[in-house]
Amino acid sequence: AGIRYVGETYRHACQVRLRQRKEQVALELFDQARAANLARGGTYALFICYFMGENQYGVRGRKKPDLARAAALAEEAVDKGLRVRSDIIKRARAAVERISED
């Protein structure tokens, strides 16, 4: 598992695993990338959308969305100053606000 060839990005490696529905492997890779400070904005965007249950980047969203996790990732990306599309950040924040209203 992991990076399979020279120049493969963590985002692509995670994307492939999520397409194969191997969430656990993808998450391990993501944690690895974050620990080594190699997770850029695109990797965060991929997982934020995935946890919100959105079909994005050729990956089917999670069957049981975990909105709190998506929002936490969005905030982490913003804190680190990474470039994640602003509409994705907005959707993650809005989703969590909807939960807290219920």
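Predicted model: local features only at pLDDT ≥ 70, side-chain atom pairs only at ≥ 80, totals over all residues.
Residues are numbered from 1 along each chain as its sequence is written, and side-chain values use heavy atoms, with hydrogens and water left out.

**Overall build**

- The chain has five helices and zero strands (DSSP runs numbered from the N terminus: H or I of at least four residues for helices, E of at least two for strands).
- Reading from the N terminus, the order of elements is α-α-α-α-α.
- With a radius of gyration of 13 Å, close to the 13 Å that the globule rule gives for 102 residues, the chain is as compact as a globular protein of that length (taken over C-alpha atoms; the rule is 2.2 Å times the number of residues to the power 0.38).
- Along the principal axes, the C-alpha atoms fill a box of roughly 45 × 30 × 20 Å.
- Of the 102 residues in the chain, 40% are buried.
- Among contacts with a separation of 6 or more, 52% come from residues 24 or more positions apart (contact means heavy atoms within 4.5 Å).

**Helix H3**

- Helix H3 covers residues 41-51, and ten of its eleven residues are buried.
- Those buried residues include Gly41, Thr43, Ala45, Leu46, Ile48 and Cys49, along with the aromatic Tyr44, Phe47, Tyr50 and Phe51.
- They pack against helix H1 (10-19), H2, helix H4 (67-79) and helix H5 (86-101).
- Just after H3, Gly53 takes a positive phi of about 80°.

**Aromatic pairs**

- The structure holds four aromatic pairs (Phe, Tyr or six-membered Trp rings with centres within 6.5 Å; planes under 30 degrees apart are stacked, over 60 edge-to-face, the rest tilted).
- One of them joins Phe30 and Tyr44 edge-to-face, at 5.2 Å centre to centre and 80° between the planes.
- Phe30 lies in helix H2 (residues 23-35) and Tyr44 in helix H3, so this pair ties together parts that are 14 residues apart in sequence.
- Phe30 and Phe47 are stacked instead, with 4.3 Å from centre to centre and 10° between the planes.
- Ring pairs join Phe30, Tyr44, Phe47, Tyr50 and Phe51 into a cluster.
- Arg34 lies over the face of Phe30, at 4.8 Å from the ring centre (Lys NZ or Arg CZ within 6 Å of the centre and within 35 degrees of the ring normal).

**The nonpolar core**

- In the largest nonpolar core, which has 29 residues, Tyr44, Phe47, Ile48 and Val84 touch the most other members (buried Ala, Val, Leu, Ile, Met, Phe, Trp, Tyr and Cys joined through side-chain atoms within 4.5 Å).
- Each of H1, H2, H3, H4 and H5 supplies at least two residues of this core.
- H3 gives the most to this core, with eight residues.
- Leaving aside residues up to four places away in sequence, Tyr44 touches Phe30, Arg34, Ala39, Leu73, Glu76, Ala77, Lys80, Leu82 and Val84.

Methods. Buried < 20%, exposed > 50% of the residue type's maximum accessible area, 1.4 Å probe, protein only.
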